[in-house]
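Reader: I'm new to this one and would like to go through it slowly. Could you show it to me first?

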Amino acid sequence: MSRVWSQIAVLAGKDLAIEARTRQTLGLVVVLGILIIVVLGLGLGPQQMAPAPAPGMGGAAAAGATPGAAPGAAPGAAPGAAPGVAALWVAYLFAGVLCFEGSMAVERHDGALAGLLLAPVDRGVLYLAKLVTNLVLMLVLALVLTPVAVLLFGFDLSPAPGSFAAIMAISFVGLAAVGTLFAAVVSSSRLQGGLLAMAIFPVSLPLVMTSTQMLIRLFGQKSASGLSGLGILLAFDVIYLVAGWLAFELVLEP
Amino acid sequence: MSAVNLVVLASAAPAGAAAGGSVDTLNFAILGYTVALGVMWGFALWSLWDLRRSRQRTGQIEEGKT
Amino acid sequence: MDSTKRLFGVLFWVFTAALFAGAVVLAFAFTPDEATMGAVQKIFYVHLPVAINSFLACFVNFVASLVFLWQRRRTWDDLATAAAQVAVVLLTIVLATGMIWGRSAWGHWWTWSPRLTLSLVLWLLYVVYLVIRPSIPSAQRRAVVAAVYGAVAFLDVPLVYLSTRLMPQDVHPTEVVLAPSMRLTLGLWFLPVTLLTVGLIIVRRRALALQSQTRAVLAAAENDGPVPATIHPTGGVL
Amino acid sequence: MSTLSINPAQDWPAADTVTAPVVQTQGLGRVVDDRVILRDIGLTLPRGGFLALLGANGAGKSTLLFCLATLTPATSGRLLLFGREVKKDAARLRARIGMISHQAMLYRDLPALENLTFFGRLYGVARPAQKAAELLEMVKLADWRYEPPKNFSRGMLQRLAIARSLMHDPDLLLADEPFTGLDVRASRQLEDLLRQLHGAGKTIILTHHNIAQSLELAGRVVVLRRGRVALDAPTGSPALAQSVEEILVS
């Protein structure tokens with residue numbers, strides 16, 4: 001078993017070394033993330049910061065916010081966390097797609113993937129190594145985006161920073177599990193970038209919905225969120241890590 | 001233009017519907033059924049037509065080759 | 001043999017059409033209007049059976065995808081595609097009827113009720129399935145990628161259903177207490193809709209099989225020898 | 001699912017597979033989208049052989065090579081490498097195969113030395129950095145060790161690819177049209193390298209378009225036509241070049 005970990009370290013190490021030299025994927029990912037947060041922040045932030053949140057404001061962008069005056073968002077003076085959380089997730093989804101595509105594109109030049117497949121390495125290990133690479137890149141993205149989101153949307157992380165980090169970490173594992181698998185499909189059959197986003201978004205909807213609800217409750221009522229949500233996130237991670245491990249071999253093509 | 005009117009009409013706040021006016025809800029029921037059956041049977045008829053066309057095409061290819 | 005099969009086909013469709021006609025008459029003429037929502041509640045008799053059958057079609061796609069990955073026979077790939085096409089059509093109906101019903105009963109087109117949200121996500125998943133297929137040139141590779149996607153996408157169903165539980169529950173209850181005659185009508189409506197769904201999947205699979213066979217015959221014309229119609233069992237694509 | 005990878009260096013029972021021919025195929029076939037690419041290929045290559053694989057474009061040369069490299073599964077027939085069934089032992093057999101192609105199969109942004117060291121570690125080679133330095137010396141790229149391959153010329157890229165394929169000291173070297181795009185000088189350097197490796201006991205299979213160069217380099221030639229073996233003969237006889245050309249032209 002230690003052999004597998006050393007191979008994952010070697011493979012992920014290679015990806016991160018290339019990324020450190022070219023900073024190509026990371027640059028794109030972080031800039032796009034910030035752009036999305038700022039644009040959505042401009043659209044949603046100001047009203048939300050207004051003293052009395054406008055009644056009809058509930059219709060935030062992504063899933064998770066209920067229409068009309070349904071009492072979903074936290075009422076009263078505390079600005080509803082829904083728009084900010086939704087914006088954060090929109091940024092992570094789109095930046096994530098660029099990240100998964102970029103980390104797989106490295107293998108496409110000069111037939112590098114064939115060189116990799118020639119090595120006596122189990123395809124599942126290749127999947128896990130690429131997953132680790134994507135998680136590291138997304139961690140860097142999160143370290144940049146979270147402060148920007150805090151500034152623009154006035155998140156109050158102080159009551160439960162640990163929970164926030166835990167929820168995001170678990171959600172990233174799930175998103176990366178799906179993204180790494182589908183990125184392999186795209187990289188080998190020359191699909192356009194748009195198709196990768198189309199493949200990843202619907203599949204990861206339950207992850208985004210659950211994580212958004214948990215974060216809204218986290219910021220809204222200042223209490224740790226319900227455990228049922230955690231169960232769903234963990235179930236999502238386990239299901240898609242196993243599916244990715246098994247299916248990676250089928251979708252790879254030298 | 002009618003399409004635009006349709007969208008504008010659809011987005012307008014519902015007049016008496018929420019109040020459960022009987023005539024209005026019946027129209028909605030009929031609309032619902034027409035949409036449901038229309039799409040279902042439209043697709044069914046198209047599928048049968050596509051099946052017949054595929055059968056003919058395979059038949060031609062078989063004759064063409066032998 | 002072929003003519004009797006064709007006759008059975010015609011009988012099947014005529015019988016199903018008759019059942020539908022009877023069910024519509026039953027719903028409108030012999031079932032009372034619901035107290036609070038009025039006549040629009042009648043949409044429920046078609047909405048629920050179509051929703052259940054759409055989940056059935058998604059499940060057929062899931063199983064067909066898995067069996068294809070195991071056996072690599074093209075017939076399973078055709079079945080998976082047929083099931084996905086039928087699923088998308090049925091889910092479109094579920095969403096349309098759900099929205100029309102919501103518009104009349106509560107005044108707005110969309111509510112995040114668990115069943116509608118699940119139907120929307122499934123609709124997205126299987127539209128993406130149908131969009132991904134033609135974008136992959138090689139038939140063999142398309143079948144493998146589609147099968148992987150079909151298997152992975154269906155794993156979402158339980159997760160979506162659970163996560164809709166977390167959504168802030170809607171103000172308007174969608175489930176209504178049904179009078180006995182209403183429950184009978186609802187039960188009766190399941191038969192025609194299920195028959196239609198099964199018939200659609202069979203017809204679509206047969207049409208797709210014929211089309212892929214035609215492509216195979218044309219491709220084989222270039223080789224200097226015959227090629228078996230199915231993909232070789234060991235023909236894994238790496 | 002292929003078995004979990006094992007460390008190739010230690011537990012490879014060398015004894016029984018030393019004598020077995022490197023490559024044995026019976027009725028090997030490959031069908032993609034109902035097009036037959038390889039049909040009933042029967043080949044046996046003993047240890048130390050140097051085989052040139054010729055054929056028009058689309059005759060199936062590259063596909064056959066990719067099958068031998070265990071990268072593409074055959075749709076029918078049996079394939080044994082070093083006496084072992086590829087279907088069962090693919091991961092373990094890969095440890096004894098090296099491959100070069102008209103693509104470098106390297107990471108263009110990683111410096112040459114780091115590229116080789118990475119592949120060395122992946123194959124579980126002892127002291128990969130030192131082995132990489134030695135190989136760079138052998139292919140005369142030592143003073144380019146810190147340069148990334150994207151700045152290399154085609155000839156240098158090809159030599160680096162050879163170094164990569166030798167990191168784990170394979171017994172079988174597969175070369176898929178390696179001379180493509182090389183100028184005369186680089187082509188000569190590649191020829192010398194291949195002769196040197198063959199002299200060192202490596203079994204080599206080369207796909208190529210240039211008949212004269214192939215016949216001069218290889219000890220045996222196989223010509224593929226529309227997925228079948230049209231000619232399989234040792235090199236050396238004068239009329240061979242003529243008959244090979246006739247097949248390729250027909």
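Reader: How many salt bridges does the structure hold over all chains?
Author: Over all chains the structure holds 20 salt bridges, a salt bridge being a side-chain nitrogen of Lys or Arg within 4 Å of a carboxyl oxygen of Asp or Glu. Before going on, please keep in mind that this is a predicted model, in which local features need pLDDT of at least 70 and side-chain atom pairs count only at pLDDT 80 or more, while totals for chains, interfaces and linings use all residues. Residues are numbered from 1 along each chain as its sequence is written, chains are lettered from A and ligands numbered from 1 in the order in which they are written, and side-chain values use heavy atoms, with hydrogens and water left out.

Reader: OK, which residue pairs with A:Glu107?
Author: The partner of A:Glu107 is A:Lys14, and the closest N and O atoms of this salt bridge are 2.7 Å apart. The pair links distant parts of the chain, since A:Glu107 lies in helix 3 (residues 82-108) of chain A and A:Lys14 in helix 1 (residues 2-22) of chain A, 93 residues apart. Helices here are DSSP runs of H or I with at least four residues, strands are runs of E with at least two, and both are numbered from the N terminus.

Reader: Are A:Glu107 and A:Lys14 buried or exposed?
Author: Both A:Glu107 and A:Lys14 are buried, where buried means under 20% relative accessible area, exposed over 50% and partly exposed in between, with a 1.4 Å probe and protein chains only.

Reader: And in chain D, what does D:Lys202 meet in a salt bridge?
Author: The side chain of D:Lys202 meets that of D:Asp169, at 2.5 Å from N to O. This pair, too, links distant parts of its chain, 33 residues apart: D:Lys202 is in the loop between helix 7 (184-199) and strand 8 (203-207) of chain D, and D:Asp169 is in the loop between helix 6 (154-166) and strand 7 (172-176) of chain D. D:Lys202 is buried at a relative accessible area of 11%, whereas D:Asp169, at 47%, is partly exposed. Elsewhere in chain D, salt bridges that share partners join D:Arg188, D:Glu191, D:Asp192, D:Arg195 and D:Glu216 into one network.

Reader: Switching to chain B, what about B:Asp50 and B:Arg53?
Author: B:Asp50 and B:Arg53 form a salt bridge, with their closest N and O atoms 2.6 Å apart. The two are separated by about one helical turn, because they are three residues apart in helix 2 of chain B. B:Asp50 is buried, with a relative accessible area of 2%, while B:Arg53 is partly exposed at 40%.

Reader: Which residue of chain C meets B:Asp50?
Author: That is C:Arg204, whose side chain meets B:Asp50 in a salt bridge of 2.7 Å, N to O. The count between chain B and chain C is one salt bridge.

Reader: How much area is buried between chain B and chain C?
Author: About 3400 Å² is buried between chain B and chain C, and carbon and sulfur atoms give 77% of this; buried area is the accessible area, taken with a 1.4 Å probe, that two parts lose on being put together, summed over both. B:Tyr33, B:Met40 and B:Trp41 supply 21% of the area that chain B buries against chain C, more than any other three residues. In terms of contact, meaning heavy atoms within 4.5 Å, 36 residues of chain B touch 43 residues of chain C.

Reader: Now chain D against chain A: how many residues are in contact?
Author: There, 31 residues of chain D are in contact with 30 residues of chain A, and the two chains bury about 2900 Å² between them, 66% of it on carbon and sulfur atoms. The rule finds two salt bridges across this interface, one of them between D:Arg108 and A:Asp110, with the closest N and O atoms 3.8 Å apart. On the side of chain D that touches chain A, helix 3 (86-94) and helix 4 (112-122) of chain D each supply at least two residues, and helix 4 of chain D gives the most, with five residues.
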